[in-house]
Amino acid sequence: MRRKPYQRKAYWNRPTMTWWERVYFFEIARGIAVTGGVFLHNMWRWISGRKGALTTYYPEETRADYAAGNRGKHILTQRPDGSPQCIACNLCATVCPALCIEIDAAFDPEDAAHPKYPARFEIDYSRCIFCGLCVEACPEDAIRMVKEVPQLPTFDRGHMWLTKDELLNWNPQRDVAKPYPVAGKDRKTRGPA
Amino acid sequence: MIQDLVIGVVFIGYALGMLMTFGTVLTWVERKQAAIMSDRIGANRAYVRIPFTQIKLVWLGLFHGLADGLKMLLKEDFKPRTYDPYAYAIAPWLAFTPVLLVFAVIPFGGTLVPAELVPGLSAWFGDKSYPMQIARLDAGLLIVFAFGGVTIIGAMLAGWSSSNKFSLLGALRAGSQMISYELVLGLTLLGLILIYGTLDLTSIVQQQSGVILGFLPAWGIVYQPFAAILFITAAMAENRRIPFDLPEAESELIAGYFTEYSAMKMGLFMFAEFIEIAIIAALFTTLFLGGYNLPYMSDSGFVFPGNYVVHLSHWAVVVIQLLTFLVKVLAVCSFQILVRWTLPRLRYDQVLRFAWKFMFPLALANLAVTAVAVWALGVMNA
């Protein structure tokens, strides 16, 4: 009995191109028509004063569609009188895995409730990894992260530090997700009030 | 005699200026067109600051070419330790110069009569007239092919003398590819030469200003549409740009025959490539798109179908012809860039098979059909 000759298993598909496609020339013409059409469409948008691309010009424009939970940059919350809620305990600087928070504590004899305050509170955004551990560590809810991003593009690393003034440049009344603790209705009070 | 010299210098200056401008502007056009084709914005950050002010001129990123040129000039001119430093040094120029020389025979305008243009010069020039091209030669097209062939030497020399295997491979690829397509390029144009009966490019352009069938402008693309497609394809292969950029295929050969070149020597290769785009566009315009003339236009004015004649002053004719040539060349350049950003690279065996088994027979068939048609028309008219 004759055995059937071994037939190699076909691991690929037979080419299924039509004659029209195999001639190649017409398909090239179609491809050029597609790209040329896209070009003309976008060019018409540019000429008529609109934008022909989805690109955002980054430092000049920022996207409006950052996610609500985006950890874009830090802010320091404030007491009603505008002073930072931070007590310069250095917990955030300690927990920070990138070691990018620098705090200089100072003593304020005027404020008996919060005698220790940060004279300098700076974050190096060239090293920050936006993990949010500082927010977790803070016992005073003094540091939070918001979805906006800081103006980072720069020619100089030194310009990538956010100072206390910039971190305090935030209006706490707007944050509905995490409302500012109103005086007298504090969830927990620490020390002599 | 001195008048001819002055006119010659003016024409050479115009042609060189035009080619250099095209070479620089095309880098910008290529970037921007590619960006717009793929829904991007493209280069738009380089600026020139007006001194002592904070006014920064961006101009849609037009200065990126300038920045590139400056970068090329300031980079370290790395030299490989090669056994033939002279060939290594001369190769970029051998690739660059012939490209410029080709333009010498291409007419970029009709006939210029200086006395008619500026009446004050009539005493000096008399009634001399000059065709607007650097050298009007009877063998114009042959010169084009002769100098076009010299660029191969530049590529081969560059690949051979940089003592690098990638360069050598690129040079061999460039050599075989360019010789193959050179042949196709010549064969496609033979049909056109049969029809026009001349190799003189100015005469070819003048013959294209008539009409056929009463309304169609007698452009080469109307007579020989098939040859036009073959010509532009072969010319793009000759220029080694993307569907045919095997000699420099980045993913395989780093940069092919100019792997070992840096700084402005590499810049010369790139510049030659961009100028060659303009040269191909100029040749295509001259041979197939009616050259420097608008449809129905000749040196004296327009003759529209229906014998409606519009006479133009010499000034108007010269300006229209120069502008028409520039616009047509830019349009064909833009088409080449469109093709470059549309098609993927062919495989090496495909490139050569395409040349010898597809384009070569087609060009031959085109030539045969044209020859029979020209002969039949000649018999009928006799």
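Tutor: Gladly! This is a predicted model, and we can start with a pair of helices in chain B: α3 (residues 85-102) and α12 (residues 263-288), whose axes lie 9 Å apart at an angle of about 20°.

Student: How are α3(B) and α12(B) oriented, roughly parallel or roughly antiparallel?

Tutor: The angle between these helices is about 20°. Angles under 35 degrees count as roughly parallel. Therefore α3(B) and α12(B) are roughly parallel.

Student: What is the handedness of the crossing between α7(B) and α14(B)?

Tutor: Helix α7 (residues 165-196) of chain B and helix α14 (residues 348-381) of chain B have axes that come within 9 Å and cross at roughly 15°. The two are therefore roughly parallel to each other. As α7(B) passes α14(B), the crossing is left-handed.

Student: What radius of gyration does chain B have, and does that agree or disagree with a compact globule?

Tutor: Chain B has 14 helices and nine strands, and its C-alpha atoms fill a box of roughly 65 × 60 × 50 Å along the principal axes. For 382 residues, a compact globule would have a radius of gyration near 21 Å. The value for chain B agrees with that: 22 Å.

Conventions:
Residues are numbered from 1 along each chain as its sequence is written. Chains are lettered from A and ligands numbered from 1 in the order in which they are written. This is a predicted model: local features need pLDDT of at least 70, side-chain atom pairs count only at pLDDT 80 or more; totals for chains, interfaces and linings use all residues. Axes are lines fitted to C-alpha atoms, for helices over the stretch in contact, and angles run from 0 to 180 degrees between N-to-C directions. Helices (H or I, at least four residues) and strands (E, at least two) are DSSP runs, numbered from the N terminus. Angles under 35 degrees count as roughly parallel, over 145 as roughly antiparallel, 65 to 115 as roughly perpendicular and the rest as oblique. A crossing is left-handed if the near helix is turned anticlockwise from the far one by less than a right angle, and right-handed if clockwise. The radius of gyration is taken over C-alpha atoms; the globule rule is 2.2 Å times the number of residues to the power 0.38.
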